[in-house]
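Let's take a friendly look at the aromatic side chains and the nonpolar core here. Please keep the 3D view open as you read.

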Amino acid sequence: MKKSLLLCCLLLTARSVWAGETEIIQTPSLVAASSTPDPTWNFELTTSVTSSARIMKAGSFGSQASAEYELQAYKDIKLFKNYFLQLGFDLERFDFSRSNNFFPYAMTSLAGELTFAYWDGDDFYPVLRFEPGLYYTRSHITKNSFDVPIRFTPGLKLSDNIYVIGGFSFDVYSNPIVFPVAGINWKINDQWNLRAVFPRPRFSYLPNKKWEFFVQGDLDGDSFRNGPTNDHRTNNAVLQYYYYRAGIGLNYEPVKGFEIEAVAGWDFKQEYDYIRAGPIYDVKGAPYVWLDLKWTVF
């Protein structure tokens, strides 16, 4: 699993920034930076549904469908120039149609968000992020459920339209604990853009400022502390869950600060990995749909 995830991460990037002593390097906006006042609050609601598919090596378990829900909210606090501290929370939950001692019916994370980010007039680009919180399965919350994933992704400007990043993610509940991150962002022209943005790299066509059509990957997941079970391999173990999927989608911004995004595609693989406690279980491919709503308050 990690080999395939490493190949994906080599394409990952976020349009990040790096401040030196005499120069600020920033990523390009797809349109000219807005003169709108700095944002104060950001809200995002995401949901996706993946249809039923069988878990390999567990054929007697039957087919399993899944749904994902995520709610994020951030307060923006200006530090200096265009740099902000973002304070907020992230609530995410995966629900599954079947469960047993090995496969939980739900995985939940309730985390705070502490992010040092750059604002270019249209979007925030994170440089350093901390996500302290509770990461647990079912409804079992224990002292071992607490974790603090960290992500560091400074950027470097190579030309007006090409940017690269190099950094890492750090999580004691992941395997490996430290994982390298590198990638590239290329604004080809005013209509075409390649953004290998983790966790959703995409290739976009923008006919105007309101519409965006794209092909998107979705390489996401997390690690959770499992609750007590009757199986010694999974009892209070760390469960690492990931999915690999891709689809076609659109983004519509009817007014400044509000966006609607929808994607339909194919979930190539879901993966259950009880780190150092048992075998890795993959799920067969299945179709999925994804909807995202973003609202920025100025």
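Buried means under 20% relative accessible area and exposed over 50%, with partly exposed in between (1.4 Å probe, protein chains only). This is a predicted model, in which local features need pLDDT of at least 70, side-chain atom pairs count only at pLDDT 80 or more, and totals for chains, interfaces and linings use all residues. Residues are numbered from 1 along each chain as its sequence is written, and side-chain values use heavy atoms, with hydrogens and water left out.

Rings of Phe, Tyr and Trp (its six-membered ring) pair if their centres lie within 6.5 Å; planes under 30 degrees apart count as stacked, over 60 as edge-to-face and the rest as tilted. By this rule there are 22 aromatic pairs. Two stacked ones are set out here:

| Pair | Centre distance | Plane angle |
|---|---|---|
| Trp192 and Phe203 | 5.5 Å | 20° |
| Trp211 and Phe213 | 5.8 Å | 5° |

Trp192 is partly exposed at 35% relative accessibility, and Phe203 is partly exposed at 35%. For the other pair, Trp211 has 31% and Phe213 has 35%.

Now to the core. A nonpolar core is a set of buried Ala, Val, Leu, Ile, Met, Phe, Trp, Tyr and Cys residues joined through side-chain atoms within 4.5 Å. The largest one has 21 residues, and Tyr281 is among those that touch the most other members. Contact means heavy atoms within 4.5 Å. Leaving aside neighbours within four places in sequence, Tyr281 is in contact with residues including Ile55, Phe103, Arg233 and Tyr272. Tyr281 also belongs to an aromatic cluster, together with Phe94, Tyr241 and others.
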